[in-house]
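Reader: I would like to check a few labels on this structure against the numbers behind them. Can we go through them one at a time?

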Amino acid sequence: MNRSVHWRTRTAAAAVAALSLGVLAACSSSSSSSAAGGTGSSASSAPSSASSGSAGTVSTSSCGSKPGVKATGTPINIGAINTKQPGTDFSDIENMTGAYFACVNANGGINGHPIKFFPVTEQTNPSQIASLAKQLVTSDHVVGMMGTSSIIECSVNAAYWKSVGIYVLAAGIAPECYSTPNTASVNMGPRYSSDGAVQYVMAQGANKIAFDQANVPGTAYIAAGPNALAKAKGVPIEDFTENVPITSANAIATKLVTAAGPGGAVVLNFTPPEALLILQAAQKLNLEDRVKYWACSTPCNTDFLATSLGPKWNNKLFVNSELLPLDGNTSQTAQLFDAILKQYGTNVSGGVGSFSEMGFTMGEIATHALESVKGPYTIASVSAALKAVTNFNTGMLCQGFTYGNYPTHLPNNMDYTVTPNNGKMVIAPTGGGCTLISADDPQVAAYRAVAGTAPAVSS
Amino acid sequence: MPSWAEFQPYIVTGLALGGLYALSGVGLVVLYRATGVLNLAFGAVGAMGAFIAYSIIQAGGPGWVGWITCILFCGVVTLGYGMLFGPALAGRGPLVQSIATLGLALVLFGAIDLAWPTSGGQSPSISFPTDNGGFSIGQLQVSWTQVIALGLGVVITVGTGAFLRYSKLGTAMRAMANDREITATLGVPVRRVEAAAWLGCGLLSGIAGIMLADLSALDDTTLVFTVVISSLAAALIGRLRSISVTFVAALVIGLVHDLLTPITQISNYQDMTPFVLATIALLVMPRGQVMARAREEG
């Protein structure tokens, strides 16, 4: 081979290498975006692997009005849309709602009518999501949407639901799940959950906040809540965003600890993989005690995270919990949850956790609303019944659930705070019980101005 | 602008990452020099090995069994690929040969997603006993894992350089890098030399995979794409020839990437570091100088 051939070969190789960098970067950034979307959006609803400690005296027969009698009437068609894509899978939510409906159908149904459930999944493609909504309404003839949880569904379909008169019951993620009249969520979403985390550490005496979240669209909206709370209390707050997946957790942990300072708190709004990376990095570098507190929005509420981190984080890390912590809980609701999950929840892959809790809670509210319908089940009658739900005690939320006829919806605005305790997430011993999210967040104030403040209920 | 003291912790984290980028970059360069193949599956093979190690450890196996399995798995898979597809693709251009490895990367990427799904909120991770030990330099906390990462980069680079210069197999690899056909006519067992290069590259991908799973993240996207970009950029700065230039470039990439972290105005753009540095180096560094350096290395 002569020199010129050599040169050409090497030039070609260099070109291939450069091209490869571009290709890999494209793959990487596309995956990152995908992961970044999931991260930002799932920030309100990561599953907890908590295992309920219920004794199991409540059976599934209690989920319907006629125990053991299978419903045979005209079905009531209900739909749900969940995100299911690599890295972001919310389908446990609609699967648990479906399990609840299956339990209802096996025990008398809704006034004798079985619920025919149409759960569909999407891959964060707006046109696909819009098409699925129309398909559910026009082809499947659903009269209600209950069990939805999607990264962008609320944003994409808000106008459509309004146009057809459907009121959606969701586990919300996008801002529109909370700021539009036709959707109400059983959870709080990333903004208000972050509010809860920031509020907790400030109440415990943190004198500065370093608030960090994934660098995805909508971060400014989320950060606005914690910033408003901190400003109202005169506590300095510094906002950060990180590209995901995180490649240099050590550097990020160092940065956050430096920003918060010894009297401050680091507050994270990430899904468990990224949050765990940062927390583990802090642990490896012995940084966990260089700040007063660490806190997280709901996604960190997993026993898996508690187990992975170890006892050093007991009463050091505080996690906002949007639903009832199930570890060791023996309430009637927790027992029914366990019974339904065991008997009907074979496709709930994550088992006990926030996702299945949200699905269960939506099943409860949907059943309660549908049972109140007099006459035929139509979009209008079902929507009216859903909107009429007022102070319904789900046993899963701190407050009674109210849908109402409001321009915005934030029915869950009172939360728990949990902390790791030897591999489990338990209610924080100091101030971890049901606490109202501060109305210093203007969105919370706006909701309470129209809907009032629902009192706490016993679980 | 952060103070010098605020920058200091990132020197440690950056050097540790840079050491692993260097290790990966050297693996890429050695294979390229011996076979003419740019192995874009380097990160994917390492990622799969790391996930297998994770599963072994999760199942109650000792950590060292997981680590060794990871390294051996990566060596065997890479060697297998090289032996199976290397000869068939040997006559094709560098573009075809490299894209074929990208195919392997995507197959492994999909397999990881299938075997270790991300639903359920559980996040796999790997920890070394050295994570919790270390020492302080002033206010700086340095873990033994970080020291090992940088040390491995240095040792692999120096060791590979010595191997290429002084060993018989290394001499054969250098000869093949210069002219494959003449080397073959001189009686060098080309297939065997290539096999050694594939195996070496695979073993290095395993070491990089398991270390990065600890220092960076046990995440398929991170290991398959994001991390390998930095290594590839370093190798490219070394013109896919010079392991010493690759080593230095990798350290600089790791350092600059992490040193940008406290500068909040631009920290979201720190992932551009390998691109920017590779572009600048390719434009500014005289090609002849790098090639001369490579010739000096052997």
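Predicted model: local features only at pLDDT ≥ 70, side-chain atom pairs only at ≥ 80, totals over all residues.

Reader: Is B:Leu164 buried or exposed, and how do you know?

Author: Buried. B:Leu164 has 21 C-beta neighbours inside 10 Å. The cut-off for buried is 20 or more. So B:Leu164 counts as buried.

Reader: How far is B:Leu164 from B:Val96, C-alpha to C-alpha?

Author: They are separated by 27 Å. Along the chain they are 68 residues apart.

Reader: What makes B:Leu169 count as partly exposed?

Author: B:Leu169 has 17 C-beta neighbours inside 10 Å. Buried needs 20 or more, and exposed needs 12 or fewer. The value 17 lies in between, so B:Leu169 is partly exposed. B:Leu169 lies in helix H6 of chain B, residues 168-178.

Reader: Why are H1(B) and H5(B) called roughly parallel?

Author: H1(B) covers residues 4-35 and H5(B) covers residues 144-166. They pack at an angle of about 30°. Angles under 35 degrees count as roughly parallel. Therefore H1(B) and H5(B) are roughly parallel to each other. Their axes are 7 Å apart.

Reader: What is the handedness of the crossing of H1(B) and H5(B), and which residues meet?

Author: H1(B) passes H5(B) in a left-handed crossing. On the H1(B) side, the residues include B:Val12, B:Leu15, B:Gly19 and B:Val26. On the H5(B) side, they include B:Gln146, B:Ala149, B:Gly153 and B:Thr160.

Reader: What makes H9(B) mostly covered, and what follows the helix?

Author: Of its 18 residues, 18 are buried. B:Arg239 follows H9(B), with a positive phi near 55°.

Reader: Where is the kink in H3(B)?

Author: At B:Met83, shortly before the proline B:Pro87. The kink is about 30°. H3(B) spans residues 63-89. Its 27 residues reach 38 Å, close to the 39 Å expected.

Reader: Which phi value does A:Asn111 have, and what makes the residue partly exposed?

Author: The phi of A:Asn111 is positive, about 50°, although the residue is not a glycine. A:Asn111 has 16 other C-beta atoms within 10 Å. That count lies between 12 and 20, so A:Asn111 is partly exposed. A:Asn111 lies in the loop between H2 and strand S3 of chain A.

Reader: Why is A:His141 called partly exposed?

Author: A:His141 has 13 C-beta neighbours inside 10 Å. Exposed needs 12 or fewer, so A:His141 counts as partly exposed. A:His141 has a positive phi of about 55° and is not a glycine. A:His141 lies in the loop between H3 and S4 of chain A.

Reader: What makes A:Ala281 buried?

Author: A:Ala281 has 25 other C-beta atoms within 10 Å. The cut-off is 20 or more, so A:Ala281 is buried. A:Ala281 is found in helix H9 of chain A. Beyond four places in sequence, A:Ala281 is in contact with A:Ala249, A:Asn250, A:Ile252 and A:Ala253.

Definitions and conventions
Residues numbered from 1 in each chain as written. Chains lettered and ligands numbered in written order. Helix = DSSP H or I, 4+ residues; strand = E, 2+ residues; numbered from the N terminus. Axes fitted to C-alpha atoms, helices over the stretch in contact; angles between N-to-C directions. Parallel < 35°, antiparallel > 145°, perpendicular 65-115°, else oblique. Left-handed = near helix turned anticlockwise from the far one by under 90°. Contact = placed C-beta atoms within 7 Å. Expected span 1.5 Å × (residues − 1). Bend = angle between axes of the 7 residues up to and from the residue.
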